[in-house]
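Biologist: I'm new to this one. Can you walk me through it?

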Amino acid sequence: MTQRQNLLNLNQADLSEFFAKLGEKPFRTKQLMKWIYKDHVFDFDQMLNLSKKLRETLSEVACIDFPEVVSKNHALDGVVKWVIDTGGDNNIETVYIPEKDRGTLCISSQVGCALACTFCSTGYQGFNRNLSTAEIMAQVLIANLHLKSSGKRISNVVFMGMGEPMLNEEAVYSACDLLLDDLAFGLSRRKVTISSSGVVPALLRMSERVPVSLAISLHAPTDELRDVLVPINKKYPIKELMKACDVYLNAGKQERHILFEYVMLKDINDSNEHAQQLAKLLKGVSAKVNLIPFNSFPQSDYQVSSARTIEKFQNVLFSQGIRTMTRRTRGEDVDAACGQLAGKIKDKTKRSDARRN
Ligand code: SAH
Ligand code: SF4
């Protein structure tokens, strides 16, 4: 028997093609997307505006399959973390961060990550595999279903969970299509963010393919230091990365900016000189800087910069006219803060192998 198609893998265009192949009219796409994404009905038998024959066919050739939730933890500050079973003894993590006027869902794009940034817990876990579009969408649907009962909503979705989204392009692009699609989640392009450590060729494609917001994990203003903290920099150094940023900023019709993420590591990248170098690098770029206090995890020797140092660093950037904010650490008591998402990863590529990528 051929494998049934999980419909959560299909964006609107793919779904239209799927129905055309079944000899169905185009309006079936709209009907099905409404059942899944608006009504949260996942059983074909309950989709009563589809003919009985079509419902039977769908049960044979298609499915709407979710991975299982292993646990759901609530932090004291309202952050919620889901651990999701992706099979083969692997878990991924999804985090909801409520704020006064919005709620951000931080989703994973891979089981682990091969890029081995030295300050990142996911990087320490190694890499197992890419997530499918269905597994990415399932994270949003699962969170939506859980949050609905408590009257909370997801206003923003960020690819800042486990994994490097730009090493899983196709699945991430289709997921973005669905996040932006009015028939599915209908978020505006400013409310969906891909965060990347700088996979340059993929960023060039992304600039044209999906009109979402972009965050770049910069973390160092010089190649010498970035080569150590973000090893992919050896392959795609800062100059090339900044060129790709320029392509992104000039693509699309609307005005764009980039959020540059910078983890604050005590005595590593947090001096006055680093701040001056960063300001110089970002001069004239339509940028916002997000300083992230380092979140520690057991295998790491790094320490977080002091609040005073972060403030001084921020003031240098301010004085050079660079918009800068410091990210408040959230969800620490359930290990849900940035860089603490470790999941459980088996059969991983070894860290030493991952570094060669
Ligand atoms: N792979 C992508 C997205 C996931 S990481 C990327 O690197 O952009 C999401 C953000 O958390 C990145 O900016 C990453 O650099 C940051 N991060 C990773 N480990 C961290 C840690 N221990 N403390 C604070 N931020 C961390
Ligand atoms: Fe991967 Fe991002 Fe972590 Fe680097 S910071 S190891 S790219 S998840």
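Modeller: The protein chain splits into domain 1 (5–63) and domain 2 (68–356), with bounds that come from an automatic or database domain assignment. This is a predicted model, where local features need pLDDT of at least 70, side-chain atom pairs count only at pLDDT 80 or more, and totals for chains, interfaces and linings use all residues. Residues are numbered from 1 along each chain as its sequence is written, chains are lettered from A and ligands numbered from 1 in the order in which they are written, and side-chain values use heavy atoms, with hydrogens and water left out.

Biologist: What separates the centres of domain 1 and domain 2?

Modeller: The distance is 33 Å, taken over C-alpha atoms.

Biologist: And how many residues are in contact between domain 1 and domain 2?

Modeller: On the domain 1 side 14 residues are in contact with 17 residues of domain 2; contact means heavy atoms within 4.5 Å. Together the two domains bury about 1300 Å², with 63% of that on carbon and sulfur atoms. Buried area here is the accessible area (1.4 Å probe) that two parts lose on being put together, summed over both.

Biologist: Which elements give two or more residues to the side of domain 1 that touches domain 2?

Modeller: Those are helix H1 (12–21) and helix H2 (27–38). Helices (H or I, at least four residues) and strands (E, at least two) are DSSP runs, numbered from the N terminus. H2 gives the most to that side, with five residues.

Biologist: How do the residues on that side of domain 1 divide?

Modeller: They are six nonpolar, five polar and three charged. Ala, Val, Leu, Ile, Met, Phe, Trp, Tyr, Cys and Pro count as nonpolar, Asp, Glu, Lys and Arg as charged, and the others, Gly among them, as polar.

Biologist: Salt bridges next. How many are in the whole structure?

Modeller: The search finds 10. Asp177 and Arg209 meet in one of them, at 2.8 Å from N to O. Asp177 is in helix H6 (residues 169–180) and Arg209 in helix H7 (residues 200–209), so the pair ties together parts that are 32 residues apart in sequence.

Biologist: Which residue forms a salt bridge with Glu261?

Modeller: Arg327 does, with the closest N and O atoms 3.2 Å apart. Arg327 sits in the loop between strand S14 (323–326) and helix H12 (351–355) while Glu261 is in strand S12 (residues 258–264), so this pair ties together parts 66 residues apart in sequence. Glu261 is buried, with a relative accessible area of 3%.

Biologist: What about Glu135, which residue does that pair with?

Modeller: Glu135 forms a salt bridge with Arg129, the closest N and O atoms being 2.8 Å apart. Glu135 is buried at 14% relative accessibility, and Arg129 is partly exposed at 26%.

Biologist: Changing topic: where is Ser213?

Modeller: Ser213 is in strand S11 (residues 213–217). Ser213 is buried at 17% relative accessible area, and its side chain reaches the backbone oxygen of Arg190 at 3.4 Å.

Biologist: And where is Pro221?

Modeller: Pro221 is in the loop between S11 and helix H8 (223–229), buried with a relative accessible area of 8%. Not counting residues up to four places away in sequence, Pro221 touches Ile238, Tyr262, His274, Gln277, Leu278 and Leu281.

Biologist: Last one: what is phi of His40?

Modeller: Phi of His40 is near 55°, a positive value in a residue other than glycine. Most residues other than glycine have a negative phi. His40 lies in the loop between H2 and helix H3 (52–61) and is buried at 13% relative accessible area.

How values were computed: Buried means under 20% relative accessible area, exposed over 50%, partly exposed in between (1.4 Å probe, protein chains only). A polar contact is a pair of N or O atoms within 3.5 Å; within protein, one must be able to donate a hydrogen and the other to accept it, and residues adjacent in sequence count only if both atoms are side-chain atoms. A salt bridge is a side-chain nitrogen of Lys or Arg within 4 Å of a carboxyl oxygen of Asp or Glu.
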